[in-house]
Amino acid sequence: MEWLIDRVGRPSSRDGGKPQRNPDWPDFIWRSAERAWPDNTRTTEWSIEVVFASEDLANAFRERWRDRLSGGVGG
């Protein structure tokens with residue numbers, strides 16, 4: 001999150017006492033799916049979709065986190 005804050009600013013600010021969302025901050029959409037295993041174990045798998053405000057921000061994110069997005073542990 002620190003990297004993103006450095007790049008686009010804080011997710012929100014207070015303007016006139018009211019919180020204001022930073023329009024450059026990405027939107028997050030959480031999804032869940034139940035999964036049944038052969039041994040009758042049931043789990044919930046979670047995934048997240050991130051929607052960036054611009055292609056430039058999406059590309060910067062991809063470049064910054066390329067190793068981790070491809071399964072590496074660097075970053």
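Here is a short walk through this predicted model, one selection at a time.

Before you click, some ground rules: residues count from 1 along each chain as its sequence is written, and side-chain values use heavy atoms, with hydrogens and water left out. Local features need pLDDT of at least 70 and side-chain atom pairs count only at pLDDT 80 or more, while totals for chains, interfaces and linings use all residues.

**Stop 1: Met1**

Select Met1, in the segment before α1 (2-8). Helices (H or I, at least four residues) and strands (E, at least two) are DSSP runs, numbered from the N terminus. Met1 counts as exposed at 66% relative accessibility; on this scale buried is under 20% relative accessible area, exposed is over 50%, and partly exposed is in between (1.4 Å probe, protein chains only).

**Stop 2: the largest pocket**

A pocket here is an open set of points on a 1 Å grid over the protein atoms alone, where a 1.4 Å probe fits, with protein on both sides within 12 Å along at least five of seven lines; lining residues have an atom within 4 Å of a point. Its volume is about 160 Å³, that is, the space filled by probe spheres set on the points, which are joined across faces, edges and corners. What classes of residue make up the lining? There are 9 nonpolar residues, no polar and no charged ones. (Ala, Val, Leu, Ile, Met, Phe, Trp, Tyr, Cys and Pro count as nonpolar, Asp, Glu, Lys and Arg as charged, the others, Gly among them, as polar.)

**Stop 3: a nonpolar patch**

Switch to a surface view and pick Met1, Phe28, Trp30, Trp46, Ile48 and Val50, which make a nonpolar patch of about 690 Å². Two elements give it two or more residues, β3 (27-36) and β4 (42-51), and β4 brings the largest share with 3. Patch members have over 30% relative accessible area and no salt bridge, and nonpolar side chains (Val, Leu, Ile, Met, Phe, Trp, Tyr) are joined within 5 Å. Areas come from the Shrake-Rupley method with a 1.4 Å probe. Zoom in on Ile48 in strand β4: it is partly exposed, at 39% relative accessible area.

**Stop 4: salt bridges**

How many salt bridges does the structure hold? The total is 6, each being a side-chain nitrogen of Lys or Arg within 4 Å of a carboxyl oxygen of Asp or Glu.

- Glu49 and Arg31, with closest N and O atoms 2.6 Å apart. This pair links distant parts of the chain, Glu49 in strand β4 and Arg31 in strand β3, 18 residues apart. Glu49 is partly exposed at 36%, and Arg31 is partly exposed at 42%.
- Arg62 and Glu55, at 3.8 Å between the closest N and O atoms. Arg62 is partly exposed at 40%, whereas Glu55 is exposed at 51%.
- Arg66 and Glu63, at 2.6 Å between the closest N and O atoms. Arg66 is partly exposed at 47%, and Glu63 is exposed at 52%.

**Stop 5: Asn40**

Finish in the loop between β3 and β4, where you'll find Asn40. Check its backbone: phi is near 75°, a positive value in a residue other than glycine. Most residues other than glycine have a negative phi. Asn40 also counts as exposed, at 71% relative accessibility.

Notes: Patch = residues over 30% accessible without salt bridge, like charges linked within 9 Å, V, L, I, M, F, W, Y side chains within 5 Å.
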